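Student: I have a model open and would like to talk it through with you. Could you start with the overall picture and then go into the details?

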Amino acid sequence: MSDSSLQKGLEPNPALRILYNWFFDAIHVDEAWVREVRELARRGSVVYVLRNLSPVDFLALDHLTKRYDLPRIRFVNDLRLGVLNPIPGSLLQALSSARRHTPEEQLRAAIEAGGSAALFLKRPPSVLDLASGATGGRGMQEGDELMQTLIDMQPQAARPILLVPQVFLWTSQPDTHGTHFLDAVFGPREWPSTVRTMGQFLYNYKNVRLRAGEPLDLHEYLEGHAQAANENHVRRVTYIILRRLERERRDVTGPAQTPPDRQRQQVLRSPKLQKTIAHLAGDKPDDRYALTSKTLEMIKQMQATPDAATIKALEVLLDRVFNRVYAGIDVDRAGLEAIREKSKEATIVLLPSHKSHIDYLVLSYIFKLEDLSMPMIAAGDNLSFFPLGAILRRAGGFFIRRSFSGDKLYTAAVEAYVRRLIRDGHTIELFIEGGRSRTGKLLRPKVGLLSMLIDAALAVPKREVAFVPISIGYERIVETGAYGRELTGGDKQKEDAAGLLKSTEVLRHRYGRVNVQFGAHLTIPKFCQDLGYTLESLSSPARRRAVVMRVANRAMDEMNRVTAVTPGALTALALLSDERRSISHEDLLLRGQQFLNVLASMGARITPRTADNGKLREDAVEEALQMFAETEMVETHHPGELAVERERRNAPSGRGSLYRVPERKRIELDVSKNIVIHFFVERALVSLAMLMRPGTETTRSVVRDRVKELSKLFKYEFRFRADADFDAIFAGTITTMITAGELVAHTEHGLAPGPGRDGWSGGVWLRSYAAILRNFVEAYRVAARGLLGLHRGELTEKELIKRTLAAGHRMYLSDEIARHEAVSKPIIDNALRAFVDEGYLRLSEKKYTLTESFDSPDAVRAIEGRIAGYLNTTVERAE
């Protein structure tokens with residue numbers, strides 16, 4: 001065919017050219033899309049396939065192909081544009097051309113001429129279509145004959161015809177179930193009319209996104225379906241493309257939104273929930289009615305009610321607040337893209353670490369910026385107070401009681417609600433630790449809601465569920481001051497509106513950078529395979545609990561594994577592990593570099609801001625010091641200068657400076673240190689065992705026994721790998737330390753400090769590792785001293801901890817312990833739980849008593865003495 005328009009491609013007339021430049025240049029285009037289309041054009045003939053007939057979509061696509069010098073579009077379905085048709089020449093010429101050639105002939109000519117085409121699969125239903133219910137709210141057929149033409153062409157074509165799904169997202173709002181009277185005029189949101197598309201475009205054109213789905217190679221498709229009847233190909237290909245288009249669209253908008261009252265009724269109709277109501281009501285109809293009303297109220301209290309206006313307002317607010325208090329948010333791009341791809345085929349359950357209330361906002365903010373479906377966030381009902389609760393609910397938060405053990409009705413209601421979220425395909429965000437960690441370390445997982453999620457996933461077998469562990473790291477946590485008061489024995493402040501107003505103090509400070517890292521995706525079938533189970537066998541409660549615990553433990557291990565090393569965490573680690581009263585700028589840099597080298601050898605994720613080609617960035621350390629100095633966590637001194645305390649604290653850092661951590665602030669800085677402490681635990685335990693008197697030369701078996709004792713003692717304090725037993729972990733750690741020169745096997749069974757490396761002797765390395773855990777050993781010694789208070793009788797948990805903290809303060813003031821941060825409420829609480837497991841204590845009805853074997857002052861002092869033995873070290877310090 002020789003029509004000149006097909007050879008030249010479509011060109012906008014002057015009116016369209018103005019619109020192109022004014023509006024379409026603002027569309028966000030991923031460079032990966034440009035590269036992919038170019039590669040596809042090199043392989044074959046590109047046909048852009050779009051879902052719903054829309055002149056706006058075509059004009060935007062036509063502009064972008066010209067803007068990025070991609071294959072020109074030489075054919076498109078009849079857009080019914082009239083005088084705005086971008087075909088060159090007059091409308092009369094266009095009409096006469098259409099009479100000479102059918103659309104099928106024009107499409108064939110465009111492809112054979114080496115051009116590309118745009119093909120719309122459906123058209124929006126008209127007012128009469130909607131009124132008659134002819135489409136069930138779906139689009140009308142539009143491109144079947146044209147798709148048949150492409151299928152017929154492919155066997156004779158020299159190159160494959162590549163169908164490339166394209167989605168323009170003029171709005172990120174989800175579809176809605178049901179119809180609205182405006183849908184009759186503007187078309188449903190899922191199948192918008194041209195008028196509705198134009199309105200969405202004009203309102204949101206600066207935030208429009210172009211998404212491309214997975215291409216379909218017609219040549220490969222036909223080879224793989226050679227036995228299928230020819231008349232079935234159009235239906236199958238159309239279905240495949242529509243599904244890929246819908247996945248891309250839903251990836252951003254999320255599932256269709258159900259009105260809250262309708263969703264409550266859907267949840268209420270859950271068979272398991274109805275069975276629970278019937279069981280509790282028995283044969284009394286009045287009780288059943290009352291329980292049903294009560295259940296509906298429960299669901300209403302927990303239910304999220306996402307609202308587009310609220311989410312948009314929060315996006316603007318958070319953008320300003322985050323830019324004010326943080327230096328930036330670093331995101332694991334590869335991990336984020338992996339979630340984007342996985343979400344197209346599975347329900348995503350996000351399992352982030354939990355150190356701050358900011359955690360509730362970070363992932364939603366990132367997902368909104370990255371055009372990912374906003375998560376539904378499981379939050380404690382302690383955050384449902386006005387006005388925060390209403391805001392969080394409209395942003396996707398749903399509120400669960402902190403404890404509901406034994407309440408069968410509430411448990412069934414939560415399970416039914418979560419099951420509905422999974423069935424509808426919502427992304428869910430769950431803080432598996434339960435509450436916020438006050439120490440910077442991960443807490444032990446709380447598996448109640450996770451177990452419900454897994455049960456719900458098993459109840460929807462056709463919908464894959466992927467659990468994604470996430471580490472959210474902060475150089476300095478907003479609540480550090482409040483945590484410091486709680487750690488030293490202060491009561492936790494209840495969240496309320498007054499506290500929310502006081503939190504505006506946060507805006508006066510800077511908190512470094514936020515870092516978000518994503519772990520490996522976890523799926524139930526994979527864990528069943530590892531355990532030798534089938535999915536059907538999970539009807540066994542024991543096997544289901546095993547899978548739940550495997551998911552929980554693996555998720556926590558992944559959070560630790562992907563935690564990023566930041567300047568703030570590394571600086572805090574170097575400061576607090578040094579045993580001198582102050583440390584020079586030069587020594588701080590050296591100490592930070594030594595620890596950085598160890599972290600790099602472990603494969604830890606180190607942020608670009610922390611190091612450049614393995615070298616610690618001095619400017620990043622100075623920024624971290626300034627951040628800590630702002631809240632008096634670090635004092636800067638310049639020898640020889642006389643200055644008041646405040647001036648010393650605010651003095652600039654740099655060469656020649658000395659840094660000191662005020663004793664009362666060590667426990668707050670410890671929170672930043674503990675973010676990366678898990679990387680060093682194994683080496684630190686070996687070092688403590690090696691340095692224990694009477695000397696540093698000892699046998700491997702003795703070191704093993706000591707490390708095993710410490711591991712049992714710290715079982716509630718640190719996470720130890722779940723993928724290997726103690727002996728394997730111990731042997732691996734010893735081998736690594738010998739290879740690094742930190743230890744040496746001076747005889748077949750003996751161990752001693754090694755020759756060292758990087759300017760430090762083996763003894764200095766051992767002492768540096770041991771210093772990282774010294775405050776924990778001292779805290780357990782304090783906990784042991786507190787047991788003397790039980791000699792006169794039982795004490796409640798609260799009273800025993802209170803007395804033990806007081807004893808710890810006396811021990812610090814009398815120089816029995818060296819670290820002020822050892823007097824820590826959470827660590828002492830963990831120590832008491834470990835003492836129960838060791839057989840020293842008995843806990844019954846929240847009251848502690850000494851067991852018969854240790855119910856004497858001498859026995860208690862022996863416990864303390866055994867722990868204190870790990871504090872008697874004699875190796876030289878780092879110079």
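**Contacts, helices and sheets**

Tutor: Of the contacts in the chain with a separation of 6 or more, 77% are between residues 24 or more positions apart. Please keep in mind as we go that this is a predicted model.

Student: How many helices and strands does the chain have?

Tutor: The chain has 37 helices and 28 strands, and of its 879 residues 54% count as buried.

Student: Let's take a helix, then. What is the reach of α21 from its first C-alpha to its last?

Tutor: Helix α21 covers residues 448-459, which makes 12 residues, and it reaches 17 Å between those two atoms, close to the 16 Å expected at 1.5 Å a residue.

Student: And which of its residues are buried?

Tutor: In α21 the buried residues are L449, L450, M452, L453, I454, D455, A456 and A457.

Student: How does α21 pack with α25?

Tutor: The angle between α21 and helix α25, which is residues 541-562, is about 115°, and their axes are 10 Å apart. The crossing in which α21 passes α25 is right-handed.

Student: Which residues make that contact?

Tutor: From α21 the contact takes L450, S451, I454, D455 and L458, while α25 contributes R544, V548, V551 and A552.

Student: Is α4 mostly covered or mostly open?

Tutor: α4 is mostly covered, with 12 of its 13 residues buried. Among the buried residues are P55, V56, F58 and L59, and also D57, D62, H63 and K66.

Student: What follows α4?

Tutor: α4 is followed by D69, and the phi of D69 is positive, near 55°.

Student: On to strands. What is the order of the sheet that contains β25?

Tutor: That open sheet has 3 strands in the order β23-β25-β24, and the pairing is antiparallel. Its edge strands are β23 (698-699) and β24 (743-744), each of which pairs on one side only. Between β23 and β25, where β25 is residues 750-753, the antiparallel pairing runs over 2 bridges, and T698 has L751 of β25 as its bridge partner.

Student: There's another sheet with β22 in it. Why is one side of β17 and of β21 left without a neighbour there?

Tutor: This open sheet of 3 strands is ordered β17-β22-β21, with antiparallel pairing. β17 (583-584) and β21 (635-637) stand at its edges and each has a single partner strand, so one side of each has no neighbour in the sheet. The antiparallel strands β21 and β22 (residues 658-660) are joined by 3 bridges, with H637 opposite L658 in β22.

Student: Last one: what about β11, and is its pairing with β10 parallel or antiparallel?

Tutor: Strand β10, residues 376-380, runs parallel to β11 and is joined to β11 by 4 bridges, with A379 standing opposite F399 in β11. Both faces of β11, residues 397-400, are covered, because G397 and F399 on one side and F398 and I400 on the other are all buried, with buried meaning under 20% relative accessible area.

Methods
Residues are numbered from 1 along each chain as its sequence is written. This is a predicted model: local features need pLDDT of at least 70, side-chain atom pairs count only at pLDDT 80 or more; totals for chains, interfaces and linings use all residues. Side-chain values use heavy atoms; hydrogens and water are left out. The expected span of a helix is 1.5 Å times one less than its number of residues. Buried means under 20% relative accessible area, exposed over 50%, partly exposed in between (1.4 Å probe, protein chains only). Axes are lines fitted to C-alpha atoms, for helices over the stretch in contact, and angles run from 0 to 180 degrees between N-to-C directions. A crossing is left-handed if the near helix is turned anticlockwise from the far one by less than a right angle, and right-handed if clockwise. Contact means heavy atoms within 4.5 Å. Two strands pair if DSSP finds at least two bridges between them.
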